[in-house]
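Please examine the sequence and the structure shown below. The paragraphs that follow lead through selected parts of it in turn.

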Amino acid sequence: MCTQCDFRDALFAKGLLIDTGIDGLYGRSGVFEDVIARFDDLITRFGGGDGADIVRFPPGMNRALFEKSGYLKSFPQLAGTIHSFDGNDADHATLLGKLEGHEDWTQDQKATDIVLAPAACYPLYPVVARLGTLPDDGRLYDLQSYCFRREPSTDPARMQMFRMREYVRIGTPEQVTEFRQTWLERGPKLIACLGLPAELDVANDPFFGRAGRMLANNQRDQKLKFELLIPIESTEKPTACLSFNYHQDHFGSLWGIVRADGTTAHTACVGFGMERVALALFKHHGLDPKAWPAGVRETLWG
Ligand code: AMP
Ligand code: ZN
């Protein structure tokens, strides 16, 4: 039995998610979006007092910067690039001919200078590097973006296009680890306010290939990534809904983010999977938010 399909079918039937014919690519209803907006607001109630600079990037990023970011070394399987028509009238006729003949027309498309953002924080680091020397108290950002990851699945919680809200801290190792510790404490409280069961665990990113296995083990051994897991599809394999990442000086040295004393900045981010938390709410409290427990409604709608 496919329980994932059951839940997804129920979401489709209720109109909360809208089938586009592609696994992991869905429309969202007004009710679904209202839950996302209220959850977004709840995150701000927990983190908004920290004085983060709010920045919003579109879901595309500069391809040259993406190439430099190292994403293709670690996660080539997840990346999405934007290609486009770049021809003349004859090329256009060829395109139309291929379409007509149901031939592959995509081979003629040219890579553009834009790729899809794989995480909300990727476009940020080069921008921060450009600002020059870090202030003594570092920097803190509030981001949100649609992200793309090529991981088609019938599990509605594994989307190809989804939103990620993030807080990103840039500073000394102490500033950055304190930030992550704060969110490791806030995250479970925030999810408890929503009446959802959750557990924190050490995690690793899905680094590609054989070399990737070593990177993943190293990330786990050093406890560089934690996830807050909530059962959505199965209780055996709960879903990562919040992530707490400590990058050490990886992005700082890659992009040349330096402090006044010449040392390289450390970075950390906390990421909220907006759709995943919304789906967890629908899974645990039912498909009609009006019937959710009073405490949960109070938390979200006040
Ligand atoms: P990560 O950068 O992998 O730690 O992702 C940050 C957060 O985004 C995760 O904690 C998830 O909640 C969410 N997320 C990651 N991948 C997906 C996906 N395929 N579909 C929906 N949400 C996702
Ligand atoms: Zn991040």
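How many bridges join E5 to E6? In this model, which is predicted, the two strands are joined by three bridges and run antiparallel. One position can be located on the display: histidine 83 stands opposite alanine 111 in E6.

These strands belong to an open sheet of three strands, whose order is E4-E6-E5 and whose pairing is antiparallel. The edges of the sheet are formed by strand E4 (60-62) and strand E5 (81-84). Each of these has a single partner strand, so one side of each is left without a neighbour in the sheet. On average, and with direction ignored, neighbouring strands of this sheet are turned by 50 degrees against each other.

The zinc ion (ligand 2) is coordinated by three residues: Cys121 through SG, Glu166 through OE and Cys269 through SG, at 2.1 to 2.4 Å. Along the chain, the donors follow the spacing C-x44-E-x102-C. Cysteine 121 lies in the loop between strand E6 (110-116) and helix H6 (124-130), while cysteine 269 lies in strand E12 (residues 266-273), so the pair ties together parts that are 148 residues apart in sequence.

Are these two cysteines buried or exposed? A residue is counted as buried when its relative accessible area is under 20%. Cysteine 121 has a relative accessible area of 3% and is therefore buried. Cysteine 269, at 4% relative accessibility, also counts as buried.

Serine 243 is found in strand E11 (residues 239-248). Because its relative accessibility is 15%, serine 243 counts as buried.

In the side chain of serine 243, an N or O atom is 2.6 Å from an oxygen atom of ligand 1. A backbone N or O atom of methionine 159 lies 2.8 Å from a nitrogen atom of ligand 1, and a backbone N or O atom of glycine 273 lies 3.3 Å from an oxygen atom of the ligand.

Key. Residues numbered from 1 in each chain as written. Chains lettered and ligands numbered in written order. Predicted model: local features only at pLDDT ≥ 70, side-chain atom pairs only at ≥ 80, totals over all residues. Heavy atoms only, no water. Donors = N, O, S within 2.8 Å, 3.2 Å for Na, K, Ca; no water. Helix = DSSP H or I, 4+ residues; strand = E, 2+ residues; numbered from the N terminus. Buried < 20%, exposed > 50% of the residue type's maximum accessible area, 1.4 Å probe, protein only. Pairing = 2+ DSSP bridges. Axes fitted to C-alpha atoms, helices over the stretch in contact; angles between N-to-C directions. Polar contact = N/O pair within 3.5 Å; in protein donor to acceptor, adjacent residues only side chain to side chain.
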